[in-house]
Amino acid sequence: MTQLTFARAINAGLRKSLENDSKVVLLGEDIGALGGVFRVTDGLQKDFGTHRVVDTPLAESAIVGTAVGLAYRGYRPVVEIQFDGFIYPAFDQIVSQVAKLHYRTGGAVRMPITIRVPFGGGIGSPEHHSESPEAYFTHTSGLRVVTVANPQDAYTVIQQAIACDDPVLYFEPKRRYHDKGEVDESADPASAPPMDKARVLTDGNDVTLVAYGPLVKTALDAASAAADEGISIEVIDLRSLAPVDYEPVVASVRKTGRLVITHEAAQSGGLGAEVAASITERCFYHLEAAPVRVTGFDIPYPYSKLEMHHLPGLDRILDGVDRALGRPNSLSGLEG
Amino acid sequence: MSTDQTGHDGANTPQGAGNPGETGPEFLQLVTPAGERISHPEFDFWVRDVTDDQLCSLFEDMTVIRRIDVEATALQRQGELALWPPLLGQEAAQIGSGRSLRADDFVFSSYRENGVAYCRGVDLTDLLRVWRGNASGGWDPYSINMATPQIIIGAQTLHATGYAMGIQNDGADAVAVTYFGDGATSEGDVNEAMVFAASFQAPVVFFCTNNHWAISEPVRLQSHIQLADRASGFGIPSLRVDGNDVLAVMAATRLALDRARRGGGPTFIEAVSYRMGPHTTADDPTRYRDANELEDWAAKDPISRLAGLLERKGLLTAELQQQVKDKADTVASQMRRGCTTMPEPQAMDIFKHVYSTPNSWLERQQDHYARYLASFGDPAGAVSEEGAR
């Protein structure tokens, strides 16, 4: 076990993949000498060369589009999109090509491409640097979408994503990059829990609280604060957003009868809606209250001085927990 | 051979001169529309080994793919295909370039390069699968080293560039060749592909067929300069060739391939041709195109031109013509049979190959739909009934 920051854990996972498979190549802007704007690829170009860790011109569609060509040629490209808000120029290549080529070719051409996306807010950045675009991609068949919430998962799941024969969007919670955690670098990703499995983090009986990425830590903090008031919350880290692993969520809600889901992304059409609908379909007779969503608002990501109003924090999550429990809350007395 | 990255090879076009739709003497031509072979100090070299037999075989291929095109159009009119994108008039551009490739080169094309696919050895039934609505691709790209038709305009140019970067990493001397049209040159992807290809000196050939029309939009709407002139802005050498002259196309393609194989990086070829037919069988060019223009281009027909050359050389015998006609008829009837006897896809096929690994979301939906179909007792019947509504 070693203490690693989130960013170093991803770096270690990338290094492992580069060592283990000569077909793994990294593409992105500033990922070479600089080591990426968040230093996630620090030192990799020096150790693996400019042909395997490629600084590209500034064109996101081309970064992803050339990764498609490399995958055709038998490579396993790992693409870095510098910031969440910069992914849109690559949207067509991701949605129309990466996601659909396996289907289009009747399974003849595989697209083992990993697209790394630092996502989420809370770092005081200007526009386009704090977005949560995951739902655009969970809505696209052919893609797998995963998030990580701790350094060990960051290390393991990046290797699983790269080893996966399907394309994977790997969302990294950028405000957690400097958080430290224990990482077992000897852990074999093949024997670790698969990346499309959710994980129950705390055992609880009163409310099921579903989170992913940067808000997992916030959810855990909320659960421990609630425990002080005698409320027992079961926190689930969704990890995979496409597909969502509903089994542990279903098992939990059948026990608690109450569901709260939280994410930074805007509410409408988001993962919260999808989870709420799916759990309602599967657990209708076990639910004691309507599922509650505690999310970012349906607004463009706001200027940084006000971003904490947009981001679900501990108190807003607890307010949502109160709503699920029918306790006094900010919406008490409102109908619908 | 010049590898000057900022200039042109052979065809010297004044920078920025000329309407992109115009054709004149300022492109590479080895055979005149009348079928006269004219010599070229630089480019004769690239076709010096083309024998009389090979000229006859080029004539055969061009005739066969025109026949394929006519047959497929007929199949569409008869309701056997939902749609077909004709290549009429572009036979020289496709056969001249397609026949220049090596088996280990890899083609990333648009949806109109059926003649190139023919050169790659595509199964004729596979060529029709997409257009009959039986598949989204049609063939295994690795079986003929050619990607299936790309419908998103210009997207394939990036795939070719990435593939070429892979060739480079592998230390191989294969080449990626990407085909696209004049309309595609306005797409961001095509421009980004040229940036990447130049930066990494990737072994890729950009083969732009300027057929003058992007559905109803003339090439002058896409560009104020000749398309070949755009390449110099990316540091990519370019060639502007008579796309209806199969020998000129072959010479240009061979030069570009040779440069790429030797580590000289990308080349942009503008093959000036004309889309004699509609964009697809769903299009009506009489709404936007002058009939006189069609007449002018009919006079430059690529097959008549090659026939003219063969005639001058005493090669256009009745025997050859009969042999080519027989071959074209055989291919057409094989293709028709392949089309009409193609097995119908089955309802549950829609769930296949979305992922290469198990996916819980999809498995659940698949299971539910199978139950839904089973509720009719006869799954196939239920689907055809739905389809008929």
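Biologist: At what angle do helix H2 (residues 91-98) of chain B and helix H10 (residues 246-261) of chain B pack?

Modeller: Two packed helices are described by the angle between their axes and the distance between the axes. In this predicted model, local features need pLDDT of at least 70 and side-chain atom pairs count only at pLDDT 80 or more, while totals for chains, interfaces and linings use all residues. Residues are numbered from 1 along each chain as its sequence is written, chains are lettered from A and ligands numbered from 1 in the order in which they are written. H2(B) and H10(B) pack at about 40 degrees, with axes 8 Å apart (axes are lines fitted to C-alpha atoms, for helices over the stretch in contact, and angles run from 0 to 180 degrees between N-to-C directions; helices are DSSP runs of H or I with at least four residues, strands are E runs of at least two, numbered from the N terminus). That angle makes H2(B) oblique to H10(B) (under 35 degrees is roughly parallel, over 145 roughly antiparallel, 65 to 115 roughly perpendicular, the rest oblique).

Biologist: Which residues of H2(B) and H10(B) make the contact?

Modeller: H2(B) contributes B:Ala92, B:Ala93, B:Ile95, B:Gly96 and B:Ser97, and H10(B) contributes B:Val246, B:Val249, B:Met250 and B:Thr253 (in contact: C-beta atoms, placed from the backbone, within 7 Å). By class, this contact of H2(B) with H10(B) has six nonpolar, three polar and no charged residues (Ala, Val, Leu, Ile, Met, Phe, Trp, Tyr, Cys and Pro are nonpolar; Asp, Glu, Lys and Arg charged; the others, Gly among them, polar).

Biologist: How many residues does the contact take from chain A and from chain B?

Modeller: Chain A gives 34 residues and chain B gives 34 residues. H3(A) gives the most to the side of chain A that touches chain B, with nine residues. That side divides into 13 nonpolar, 14 polar and seven charged residues.

Biologist: How do the axes of H3(A) and helix H7 (residues 188-200) of chain B cross, and within what distance?

Modeller: The two axes cross at roughly 75 degrees and come within 9 Å. H3(A) and H7(B) are therefore roughly perpendicular to each other. The contact uses A:Ser61, A:Ala62, A:Gly65 and A:Thr66 of H3(A), with B:Gly188, B:Asp189, B:Glu192, B:Ala193, B:Val195 and B:Phe196 of H7(B). The residues of this contact of H3(A) with H7(B) are four nonpolar, four polar and two charged.

Biologist: How many helices and strands are there in chain A?

Modeller: Chain A has twelve helices and 14 strands. Its C-alpha trace spans about 60 × 40 × 40 Å along the principal axes. Residues 24 or more positions apart account for 79% of the contacts in chain A with a separation of 6 or more.

Technical notes
Contact = placed C-beta atoms within 7 Å.
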